[in-house]
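Open the model in your viewer and keep the selection panel at hand. The tour has two stops.

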Amino acid sequence: MTSRLSDGVLVVDKPTGPTSFDVVRRIKRAAHIKRIGHGGTLDPLASGVLPICVGEGTKLAAFLLDADKEYEFTLRFGVETDTYDAQGAVTARHDPSVVEEGHVRGALAAFTGRIDQTPPIYSALKRDGRPLYAYARAGDTVEIAPRAVTVHALDLTSFDGPDAVGLRVRCSKGTYVRSLAFDLGRRLGVGAHVTALRRTRSGPFASAAALPLDAVLAALAAGGPLPVIAPADALPHLPRCSVDAVATRLLEQGKRLPWDALEGAPPATAPEALRVRVVRPDGRLLAVAEPRADGTVKTLRVFGPMSVADPTKSTESAGIR
């Protein structure tokens with residue numbers, strides 16, 4: 001007997017080793033569904049919170065990718081690798097004995113706030129349609145432009161010598177922890193690489209609510225229930241608005257609707273009105289929307305009324321396999 005997953009988001013605690021797509025494929029195969037994806041890539045070395053989007057929940061993926069993330073990681077000073085982590089080939093060695101706890105604490109301020117960061121060459125970021133790691137594996141040289149990211153907080157959590165330094169970071173989308181470690185090592189003049197990485201939060205989803213992958217697969221095989229978060233509850237940071245049956249049909253049909261027809265919506269001129277979640281009369285998610293300049297509702301994604309993932313449909317969107 002195999003369990004069917006409801007539409008929404010299943011929060012998985014990814015183990016080290018598999019890629020994020022490996023996790024998606026294993027759940028897809030175990031649950032016999034096609035519409036499934038994830039809400040933010042984790043490197044094979046990394047563990048932790050991986051939101052798995054199911055059925056109509058796959059339409060949430062783009063909004064989950066935009067969310068802030070939190071990570072705990074350890075790094076080793078004195079050794080640089082081509083991947084900026086322990087899985088790469090060593091490219092440089094330096095004597096790290098000069099690095100003390102105070103030096104690390106003093107250097108962290110330079111990596112908080114809005115900063116420019118160069119992604120690692122071994123990353124899935126695409127250039128001309130190809131991931132950067134493909135260029136790296138082929139031995140091709142690629143110029144990678146720095147990108148602006150925001151590091152909200154970067155804290156030292158432990159210092160057991162330069163070989164074992166623990167940090168915690170809360171950051172915007174697009175931030176590479178491996179690049180943070182590499183740049184910190186360069187700033188201290190001894191190099192560094194990540195030795196362990198765990199995502200403790202992705203948007204509203206925290207590790208305390210994440211299920212180990214093995215437990216998810218076992219529950220699917222046994223036909224047991226799984227705590228899938230309904231689409232209407234998966235974006236709690238967005239104001240919740242409701243509409244009546246007539247307005248529901250208008251939005252489903254792509255027709256214009258006045259912004260003030262959304263019950264509970266902030267004024268269209270307010271900054272917090274940039275994006276809201278709109279629910280049907282029965283409480284299920286209808287759309288993620290924002291106001292147009294003319295005062296009408298612009299739907300960013302419209303969600304169907306399904307409550308159980310339909311295994312006969314598939315999607316080709318990025319991040320959804």
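Select His193 first. At 4% relative accessibility it counts as buried (under 20% relative accessible area; over 50% is exposed and in between is partly exposed, with a 1.4 Å probe and protein chains only). This is a predicted model, where local features need pLDDT of at least 70, side-chain atom pairs count only at pLDDT 80 or more, and totals for chains, interfaces and linings use all residues. Residues are numbered from 1 along each chain as its sequence is written, and side-chain values use heavy atoms, without hydrogens and water.

His193 sits in strand β12, residues 192-202 (strands are DSSP runs of E, at least two residues; helices are runs of H or I, at least four; both are numbered from the N terminus).

Next, show the contacts of His193 (heavy atoms within 4.5 Å). Beyond neighbours within four places in sequence, they include Thr74, Leu75, Arg76, Tyr84, Asp85 and Ala181.

Move on to the largest cavity. Select Phe73, Leu75, Phe111, Leu154, Leu167, Leu180, Ala181 and Leu184, which line it. A cavity is a set of points on a 1 Å grid over the protein atoms alone where a 1.4 Å probe fits but cannot get out; lining residues have an atom within 4 Å of a point.

Colour by element next. β4 (69-77) and α5 (177-187) each supply at least two lining residues. α5 gives the most, with three.

Methods
1 Å grid on protein atoms, 1.4 Å probe; cavity = no way out; pocket = protein on both sides within 12 Å on 5 of 7 lines; lining within 4 Å.
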